[in-house]
Amino acid sequence: MTQATQPQQRGILVTDSAIKHIKSLQSQQGGENLCLRVGVRGGGCSGMSYTMDFEQLDNIQPNDEVFEYEEGFKVVCDPKSLLYIYGMALDYSNALIGGGFQFTNPNATQTCGCGKSFSA
């Protein structure tokens, strides 16, 4: 496979269903000038929990990793969090039971039952 035909590699994969839901939330929060910041913090059932929040594009720091998706949508992550979630897939399901955002993290050695925290 040549370089030109390889898919763009991203440190955080966001599925189409997650992007669709995030963009809907983004428009409710104030629209185009927002990016999604993902990261981790200490706490949760397994030791570390995922964080997600909208942030103004002006708040992106020089050392943040920025991943661009369709229509200019951006996901931002600080370098310390990226160590724990690089290669993670973010999906969204609207199922009545077990729905919502779902994190699939290849770096997690243990995940809690709710799927919102992990240990690495």
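This is a short chat about a predicted model of one protein chain.

Q: How many helices and strands does the chain have?
A: In this predicted model, the chain has two helices and nine strands.

Q: And what pattern do they follow along the sequence?
A: Reading along the sequence, the pattern is β-α-β-β-β-β-α-β-β-β-β, with the two helices and nine strands making up that series.

Q: What share of the residues is buried?
A: The chain has 120 residues, and buried ones make up 37% of them.

Q: What about the accessible surface of the chain, what does that come to?
A: The accessible surface comes to about 7,400 Å², and 49% of that area belongs to carbon and sulfur atoms.

Q: Back to the inside, then: which residues have the most contacts inside the largest nonpolar core?
A: That core has 23 residues, and those with the most contacts inside it are Ile12, Val14, Ile22, Tyr69, Ile85 and Leu90.

Q: Which elements give two or more residues to this core?
A: Both helices are on that list, α1 (16–29) and α2 (79–85), together with the strands β1 (12–14), β2 (34–42), β3 (48–56), β5 (74–77), β6 (88–93) and β7 (100–104).

Q: Which one gives the most?
A: That is β2, which gives four residues to the core.

Q: Changing topic, how many aromatic pairs are there?
A: The count comes to three aromatic pairs, and one of them is formed by Tyr50 and Phe103, whose rings are stacked at 4.1 Å centre to centre with 10 degrees between the planes.

Q: Are Tyr50 and Phe103 buried or exposed?
A: Both Tyr50 and Phe103 are buried.

Q: Why does Glu55 count as buried?
A: Glu55 counts as buried because its relative accessible area is 18%, and the cut-off for buried is under 20%.

Q: What does its side chain make a polar contact with?
A: The side chain of Glu55 is joined to the side chain of Arg37 by a polar contact of 2.8 Å.

Methods:
Residues are numbered from 1 along each chain as its sequence is written. This is a predicted model: local features need pLDDT of at least 70, side-chain atom pairs count only at pLDDT 80 or more; totals for chains, interfaces and linings use all residues. Side-chain values use heavy atoms; hydrogens and water are left out. Buried means under 20% relative accessible area, exposed over 50%, partly exposed in between (1.4 Å probe, protein chains only). Accessible areas come from the Shrake-Rupley method with a 1.4 Å probe; for residues, only the protein chains shown count as cover. A nonpolar core is a set of buried Ala, Val, Leu, Ile, Met, Phe, Trp, Tyr and Cys residues joined through side-chain atoms within 4.5 Å. Rings of Phe, Tyr and Trp (its six-membered ring) pair if their centres lie within 6.5 Å; planes under 30 degrees apart count as stacked, over 60 as edge-to-face and the rest as tilted. A polar contact is a pair of N or O atoms within 3.5 Å; within protein, one must be able to donate a hydrogen and the other to accept it, and residues adjacent in sequence count only if both atoms are side-chain atoms.
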